[in-house]
Amino acid sequence: MGKGGGALNAPVRRAAPRAFVLCLIAALSADRSAFADPVFLDAPRESDAAFRSPEALRAALARDALSREVSAAMREAVAKRLARVPAGRRLLAGIAGELPPICFSDGRDVAVFSDRLEAVFVNCRYAREMPGAPASDCRAALRWLLAEPKRIDELARRLDNTMAHELTHWRQHRLLGSGAGLPNDGRVTEMELEAKLVENEYYLESAERDPALLRSSLPRWKQQTRELWLLSWAPSDYLDATTKAYRSTTPGHATIPLSEALSRPSLSDRDRERLERMKAYYDGALREALETRWKVRSPEGLLLFAGVARRRCPRVARSMADRALQSCADPRPSPDLSRVCGDARRLSRGLAADAGEDPFCPRNSPTCNFRLADFQAVCLAP
Ligand SMILES: [Zn+2]
């Protein structure tokens, strides 16, 4: 797992990024189709011309009472949901509480924020898949959602990590704009990395409140759990895998790092200036996130996993607590890091005394061997 020589050996390293990359590609491959046919348009009466600008989209939304009401209800439910934990509150404060329209469409992504149209598009499948919802018709599913406030709240719960990610793109868009001749609505890798860090921090805080999330059988949650694990265990590996995954989208639409965007010979002065501004922001913001925030969050994440895994896999749990302790070599730890290190020491000592069996760590071997999927299935089981 890159640097750091933890107790877990190579099989973990090989298994984690592969599953992660495959899933990300699946989630990203339809970046454009997700909002090609928003449900509030009564196609074929309307044409794509309606979507040339945010204003045109808002005008179309204003004409469609059902979509307008669902958008308003979702914005309220999402804001309420995100505000439960500090990472969500920080995000909402960063966008001054002003959420973009939330529209439903039958694309393939979970959700996408369109910089061009300044709106979030959610795949209607997630409304149609709600228990009891009309499964075949998006508009019928939206009417069903509106009939009971708790249904919208449940949908917001199911999509909250994703909404934290997409709303980070909304904050970025308001702060720095987009475009600069870039593909994917003007995204660069750094924007995705920041959104991923916010999404995972939100998930970490949610799972600390409700560790059962780590055991969820829903594929989206299982994927999020894998990502949080990898980000906690080896942040630089996680960032590399994320960079590669976003790069590997449809040819011509790959998300590229800012440095590469800036080296293109065809850049106009205006685009160069915008990219330079983005670079100044992300150089600081990502460094701050990794060197300050995730320096504490990574060991905190490992302790969360260790706490849940200790019953079934005590030796794996101890290797995670020991890995968390590696962060404590910092000569001048922050108060937050000191607190996490105290927890890691206590847990490691407690687990050292545990004589329980562990399916993945032979007693006479210094390393534990497991695939991440097996860790999820066995060690995180109730
Ligand atoms: Zn994104």
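Q: What should I know about numbering and confidence before we start?
A: Residues are numbered from 1 along each chain as its sequence is written. The model is predicted, so to speak of local features pLDDT must be at least 70, side-chain atom pairs count only at pLDDT 80 or more, and totals for chains, interfaces and linings use all residues.

Q: How many helices and strands does the protein have?
A: There are 17 helices and three strands. Both are DSSP runs numbered from the N terminus, helices being H or I with at least four residues and strands E with at least two.

Q: And what percentage of the residues is buried?
A: Buried residues are 45% of the 382 in the protein. Buried means 20 or more other C-beta atoms within 10 Å of the residue's own, exposed means 12 or fewer, and partly exposed is in between, with C-beta atoms placed from the backbone.

Q: In what order do the strands sit in the sheet?
A: The order is β1-β3-β2, in an open sheet with mixed pairing. Two strands pair if DSSP finds at least two bridges between them. β1 and β2 are at the edges with a single partner strand each, so one side of each has no neighbour in the sheet. From one strand to the next the twist averages 25 degrees.

Q: Which way does β1 run against β3, parallel or antiparallel?
A: Parallel, with four bridges between β1 and β3, the latter being residues 119–123. Within that pair, I102 is opposite V120, C103 is opposite F121, and F104 has V122 as its bridge partner.

Q: Where do the β1 side chains point?
A: In β1, residues 102–105, I102 and F104 point one way while C103 and S105 point the other, and all are buried.

Q: What about β3, buried or exposed?
A: Five of the five residues of β3 are buried, so the strand is largely enclosed by the rest of the structure. A119, F121 and N123 point one way from β3, and V120 and V122 the other way.

Q: How is β2 joined to β3?
A: By four bridges, with the two strands antiparallel. A111 has V122 in β3 as its bridge partner. β2 and β3 form a hairpin with four residues between them.

Q: Switching to helices, at what angle do α3 and α7 pack?
A: About 55 degrees, with the axes of α3 (residues 65–82) and α7 (residues 149–158) 9 Å apart. Axes are lines fitted to C-alpha atoms, for helices over the stretch in contact, and angles run from 0 to 180 degrees between N-to-C directions. The two helices are therefore oblique to each other; under 35 degrees counts as roughly parallel, over 145 as roughly antiparallel, 65 to 115 as roughly perpendicular and the rest as oblique.

Q: Which residues meet there?
A: A73, M74, A77, V78 and R81 in α3 meet I152, D153, A156 and R157 in α7. Contact requires C-beta atoms, placed from the backbone, within 7 Å.

Note on methods
Contact = placed C-beta atoms within 7 Å.
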